[in-house]
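Please look over the sequence and the model shown here. The paragraphs after it go from the whole chain to its parts.

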Amino acid sequence: MILEYLLARARLFFKSDEGASAIEYAIVVAMVAVVVVVFVTPVGNKVLAIFNSVLTSLGGTAQVRPTP
């Protein structure tokens, strides 16, 4: 009884198209994440340079970017 149920569920799973949609969404999310990382890193460096410029103008010492 349980084995028949599991086989029926497995057949339904393999016939379903919902898994393909989930994979497509995962690929889109991964691509968006890559784009965000590629474009945010240079912006972060520019923001750090601007803050360091303001900080040194006020008489402070420039901060360095933390290393991971």
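The protein chain has an accessible surface of about 6,400 Å², and carbon and sulfur atoms account for 73% of it. Accessible areas come from the Shrake-Rupley method with a 1.4 Å probe, and for residues only the protein chains shown count as cover. This is a predicted model, in which local features need pLDDT of at least 70, side-chain atom pairs count only at pLDDT 80 or more, and totals for chains, interfaces and linings use all residues. Residues are numbered from 1 along each chain as its sequence is written, and side-chain values use heavy atoms, with hydrogens and water left out.

The protein chain contains two helices and zero strands; helices (H or I, at least four residues) and strands (E, at least two) are DSSP runs, numbered from the N terminus. Its radius of gyration is 25 Å, well over the 11 Å that the globule rule gives for 68 residues, so the chain is more spread out than a compact globule. That radius is taken over C-alpha atoms, and the rule is 2.2 Å times the number of residues to the power 0.38. Along the principal axes, the C-alpha atoms fill a box of roughly 80 × 20 × 15 Å. Of the 68 residues, 1% are buried, where buried means under 20% relative accessible area, exposed over 50%, and partly exposed in between (1.4 Å probe, protein chains only).

Helix α1 has 14 residues and reaches 20 Å from its first C-alpha to its last, close to the 20 Å expected at 1.5 Å a residue; the expected span is 1.5 Å times one less than the number of residues. The number of buried residues in α1 is zero, so this helix lies largely in the open. Arg 11, in α1, is exposed at a relative accessible area of 53%. Arg 11 and Gly 59 are 48 residues apart in sequence and 70 Å apart in space, C-alpha to C-alpha.

Met 1 belongs to the segment before α1 (2–15) and is exposed, with a relative accessible area of 82%.

Which residues does Asn 52 touch, not counting residues up to four places away in sequence? Asn 52 lies in helix α2 (residues 18–57) and counts as buried at 14% relative accessibility. Asn 52 touches Ala 62 and Gln 63, contact meaning heavy atoms within 4.5 Å.
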